[in-house]
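Subject: Structure for your review

Dear colleague,

Please find the structure below, followed by a summary of what was found in it. I would be grateful if you could read the two side by side.

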Amino acid sequence: MSADPVTEEPINADATFEPLLEAERAAAADAAHDQRARGVLRFYELAKKQEWQVRDLPWGEIPPIPETRAGASTEKKERRRAVWRSVITQQLQADELAVQMAGQLLNMAPHPEAKLYYSTMVQDEARHVEAWLKLATEAGGTAERDPHLDELARMTLEAETLEEKVFQMQVFFERLIIPRFRLIARSARGTILEDVCNRLTIDDGIHHSSGVAYERVLLEHASKETKDRLIKAANGLLPIFVEHALWRPKERAWIGNVMRETDIRRLQEDVTDGIRMASSLGLDVSDIRLPFAA
Ligand SMILES: [Fe+2]
Ligand SMILES: [Fe+2]
């Protein structure tokens with residue numbers, strides 16, 4: 001290994017993935033010209049183009065997760081591996097739930113353009129699960145599940161309207177996971193984990209933007225009652241979201257204490273961002289109850 005001073009390498013995944021930005025611009029123009037459904041179709045085309053396979057990853061050529069430096073004690077090495085296993089487990093859990101939700105969206109969506117699009121999202125989420133499972137095996141197994149994430153998924157799966165589900169899953173959750181993938185990728189340079197996170201950054205970018213485009217279609221003719229229900233559901237979801245955002249598995253409890261202030265700041269940004277998204281979709285957000293002091 002070279003002893004070069006550490007230089008900040010660029011992130012491999014393009015932070016502004018041009019084809020996605022193009023599709024977003026085109027979908028916004030479609031919406032402006034009253035052709036919202038065409039916007040959803042653009043993400044179907046993009047998703048097909050972006051499809052990848054788990055076998056495309058360089059398994060066996062680079063380490064699955066970051067390796068602890070050679071001189072470290074066995075105990076330290078094991079503690080580090082446990083941290084990475086818990087990181088992988090949280091993402092595996094999220095993608096297992098995402099498969100269920102994408103399947104539900106595919107079944108429920110009445111628009112043919114949306115059905116086409118969701119057929120790709122079900123496959124994407126299933127492939128993400130496949131990648132995390134293989135990575136978990138390579139890293140020595142899985143760890144503790146986040147009970148609050150299971151609860152959030154249950155609430156979204158049991159939500160009554162399609163408008164609520166698309167908002168919660170795609171407009172809110174798919175968006176906030178993207179910076180998390182960037183953070184993991186940055187601390188896992190030169191590993192399969194980094195590669196997976198970079199691919200998921202792009203996939204989830206498409207999942208989010210397609211959801212925004214479809215939510216525009218759905219809300220165009222939605223009744224006041226449907227819109228009010230969406231805000232009411234958000235108020236029910238937010239306190240659980242806070243618990244999820246601040247939860248740490250025991251392997252990372254020590255990091256949790258150090259990171260608590262950062263977690264709280266990020267949580268506030270995520271919630272504020274979600275409210276901004278809701279407002280840009282024409283929803284009345286004045287009844288949203290912030291789960292923290294503004
Ligand atoms: Fe996913
Ligand atoms: Fe996703």
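This is a predicted model: local features need pLDDT of at least 70, side-chain atom pairs count only at pLDDT 80 or more; totals for chains, interfaces and linings use all residues.

The buried residues of helix α5 are Leu149, Leu152, Ala153 and Thr156. They lie on the same side of α5, because the arc they cover around the axis is only 95 degrees. The partners against which the buried residues of α5 pack are α3, α6 (162-186) and α8 (224-246). As for its dimensions, α5 consists of 12 residues and reaches 17 Å from its first C-alpha to its last, close to the 16 Å expected at 1.5 Å a residue.

Helix α3 comprises residues 74-108 and helix α5 residues 147-158; their axes are 10 Å apart, and the packing angle is about 0 degrees. The angle therefore makes α3 roughly parallel to α5. On the α3 side the contact is made by Gln93, Ala94, Leu97, Gln100, Met101 and Gln104, and on the α5 side by Leu149, Ala153, Thr156 and Leu157.

The axes of helix α1 (residues 18-32) and α7 come within 11 Å of each other and cross at roughly 0 degrees. These two helices are therefore roughly parallel to each other as well. Helix α1 contributes Leu20, Ala23, Glu24, Ala27 and Ala31 to the contact, while α7 contributes Ile202, Gly205, Ile206, Ser209, Ala213 and Arg216. The residues of the contact of α1 with α7 comprise seven nonpolar, two polar and two charged.

Helix α7 itself covers residues 192-220, and its end C-alpha atoms are 42 Å apart, which agrees with the 42 Å that 29 residues should span at 1.5 Å a residue. Asn198 counts as partly exposed, because it has 17 C-beta neighbours inside 10 Å. From Asn198 to Arg186 the C-alpha distance is 9.7 Å, with the two residues 12 apart in sequence.

Two further residues deserve a note. Val171 lies in helix α6 and is buried, with 20 other C-beta atoms within 10 Å. Leaving aside residues up to four places away in sequence, Val171 touches Val166, His208, Gly211, Val212, Glu215 and Met277. By contrast, the C-alpha atoms of Val171 and Leu193 are separated by 25 Å, although the residues are 22 apart along the chain.

Phe292 is placed in the segment after α9 (253-280). With 10 other C-beta atoms within 10 Å, Phe292 is exposed. Its C-alpha atom and that of Gln268, 24 residues apart along the chain, are separated by 7.7 Å.

With kind regards

Methods
Residues are numbered from 1 along each chain as its sequence is written. Chains are lettered from A and ligands numbered from 1 in the order in which they are written. Axes are lines fitted to C-alpha atoms, for helices over the stretch in contact, and angles run from 0 to 180 degrees between N-to-C directions. Helices (H or I, at least four residues) and strands (E, at least two) are DSSP runs, numbered from the N terminus. Angles under 35 degrees count as roughly parallel, over 145 as roughly antiparallel, 65 to 115 as roughly perpendicular and the rest as oblique. Two residues are in contact if their C-beta atoms, placed from the backbone, lie within 7 Å. The expected span of a helix is 1.5 Å times one less than its number of residues. A residue is buried if 20 or more other C-beta atoms lie within 10 Å of its own, exposed if 12 or fewer, and partly exposed in between; C-beta atoms are placed from the backbone. The arc is that of the directions from the helix axis to the C-beta atoms. Ala, Val, Leu, Ile, Met, Phe, Trp, Tyr, Cys and Pro count as nonpolar, Asp, Glu, Lys and Arg as charged, and the others, Gly among them, as polar.
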